[in-house]
Each structure stands twice: as structure tokens, then as C-alpha cells.
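Please have a look at the model first.

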Amino acid sequence: MIPTITKKYQNVVISTGNIITTELGQRKSNEELYDGLKITLHSDPNVERVVVEKEIDELHGRVQRATQELTTRLTENGRNEISIGAKIFLNRHSTECVKEAVEAVLNILSVTHVDNVVLAYHPNAVASATPAATTGGVQAKSPCSEGIAISKASKWSQRNGEEGVADLKKLYQTLEQYAVKQQITQLGIADLDAAALEELHKSAEVAPTIAQVNLSTCCVVPPELQEFCTAHDIQLNTHSDPELLLSEEQFAGLAPGYTIDWTLRYQVHVRCRGVLTAKGYIVGASRSSN
């Protein structure tokens, strides 16, 4: 769907623009991402609206949608009047991917800093239902509704081991570099159990102040995690993002020959009113040199 990019670039960055302006609405994150990419990468010359909104940056290998509309949303209020939060989804260990994601959101949003960045690192990700299967279908029941006990093996530190914790620390250290330069105000981490969070916290130069837990997998926030966050002044939030946003097969159908390296979701709120004014996804992808 992006022949002018696939012929020239080893690495590409795809920005969905502000998906609030589309018919996507508040949906599951994997559905938002899939449909947002589908709209952005649409290449039908007969669909004038999509062609007009799409911008191809040949210099940087980027495909961006509705850049002017996004700029308007970001500048209609002063920078101190808006809060920009981002979440990086990463399924393989790569500090370069973390750098690319942060640099991309700063550049695409044309800001000098973001207010918070949360890292979700799942090297042994478990795929969830596909967007095609969930859209308009029967919603999958949560472990809670099925009465299924969650195994202790589902804990992040047990699933990923000492090597996973060591890799996570290196990824987090990459984010710390941006925090030290004041390009990120707050750092956060997603889906860690208390043991992994404590390990990360002990080694951190810039301690995480946000922790996210997925209630679709744990049903109730583990008491030990809650206690640790309270003791160390860490804001504990819940979320429903899957560990793997898109499978390789799904993305290959949108951008043949490419695989996703990282995904970032940003959200822009007006501080005084708490209104969500912009939301979008940015994807870094690469293709094999073979």
C-alpha cells in the first residue's frame, strides 16, 4: 500500500495523525492501530479525501496523515495548557527503537518535551484477538468473568527471567537520558509485578513515577504492587492494552515486506478541562535487506 516508500527505504515511520477526527472513536487499542494504519496507508487514487490528508516525507521515509489538523490541535492552546502523554510498545530488546520512538514523537508533534512516557516491554508477548475478529463480534471474556485463576507464572519477572529484567533496565536507561535533558518530564512502566518494579526502581537514576497494570490479566491489583507504589510515591493506573498490538501477518497485509519495530501512542489533554483533544499512533517499521 506504500510503494513509493517500500522501494526506497529500509526503515519507515508511519503516523496516523489525530484519530479522534476519524470514525474510530474510543475503541480497543489494537483496533484503533489497525484501522488508523489502514486509513493512513490507503493508496486508492479514487479516494480524494485520503490522498489529500496523506503526506509522504521522502527525506525521512515517513508517511503522515492530516499533519495540519494535528498541528492546529497542538497549537490552539499554549504548551503549558496541554499535557502530552505517550506509551511505547516494544516486543524486542532494542535501545535504538526506544530512541527512534521518542525522537519521532518529539519531531512529529513539533514539541521540545512530552509530559510523560510509559514503556511497555513484552519480549514474550502473548497475542490477543485480531482486530478483524473483535470488531463487531462477541467480546472475549476476561479471565475474571470466566473464573479462571491467573497463574503466578504470568508475572512479568517470572515470564521473562533475569535476562528480561536486565534488558528492561537498559531500555529504561535510554528513556532516562531524555528525562535528564528534560525532554520527558515523567517516566512510567507498564505491567511489571512488584519484584520486577523493585529491581528497576533500585537501579534507576530517574525513578518511575507511573506504573500501569492490566486488569484484564490480573483482575485485582496485587497488594504487594500496590504497597510498593504507595511507599515510593508511584501513581498506579490501570489499562487494557494487549501485549502485542498487531501480529506480523496483520501488519504485512498493510505494508507488505515490513515488520513493526515499535509502536507509540500519544494523547494530548487540555489540562484545565481534562479534555482529550488529540490521539494518534506512530509506528516504526523495517524490511529485510534480503
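Two strands are said to pair if DSSP finds at least two bridges between them. Helices (H or I, at least four residues) and strands (E, at least two) are DSSP runs, numbered from the N terminus. This is a predicted model, in which local features need pLDDT of at least 70 and side-chain atom pairs count only at pLDDT 80 or more, while totals for chains, interfaces and linings use all residues. Residues are numbered from 1 along each chain as its sequence is written, and side-chain values use heavy atoms, with hydrogens and water left out.

**The sheet**

Ten strands form an open sheet with mixed pairing, in the order β2-β3-β1-β10-β9-β4-β5-β6-β7-β8. At its edges stand β2 (54-57) and β8 (235-239), each with a single partner strand, so one side of each has no neighbour in the sheet. On average, neighbouring strands are turned by 20° against each other, direction ignored.

| Strand pair | Sense | Bridges | Example bridge |
|---|---|---|---|
| β4 (residues 82-90) and β9 (residues 258-270) | antiparallel | eight | Lys87 with Arg265 |
| β4 and β5 (residues 114-121) | parallel | six | Ile88 with Leu119 |
| β7 (residues 210-214) and β8 | parallel | five | Gln212 with Asn237 |

From β4 the chain crosses through helix α5 (residues 95-109) to β5, and this β-α-β crossover is right-handed; that is, with the strands pointing away from the viewer, the path from the first strand over the helix to the second runs clockwise.

Nine of its nine residues are buried, so β4 is largely enclosed by the rest of the structure. Buried here means under 20% relative accessible area, with a 1.4 Å probe and protein chains only. In a regular strand the side chains alternate between the two faces of the sheet. In β4, Ile82, Ile84, Ala86, Ile88 and Leu90 are buried on one side, and Ser83, Gly85, Lys87 and Phe89 on the other.

**The helices**

Helices α9 (residues 194-203) and α11 (residues 223-231) have axes that come within 9 Å and cross at roughly 25°. Axes are lines fitted to C-alpha atoms, for helices over the stretch in contact, and angles run from 0 to 180 degrees between N-to-C directions. The two helices are therefore roughly parallel (angles under 35 degrees). Ala194, Leu197, Glu198 and His201 of α9 meet Glu224, Leu225, Phe228 and Cys229 of α11, contact meaning heavy atoms within 4.5 Å.

Lys169 of helix α8 (residues 156-180) touches Glu199, Leu200 and Ser203, not counting residues up to four places away in sequence.

Technical notes. Angles under 35 degrees count as roughly parallel, over 145 as roughly antiparallel, 65 to 115 as roughly perpendicular and the rest as oblique. Buried means under 20% relative accessible area, exposed over 50%, partly exposed in between (1.4 Å probe, protein chains only).
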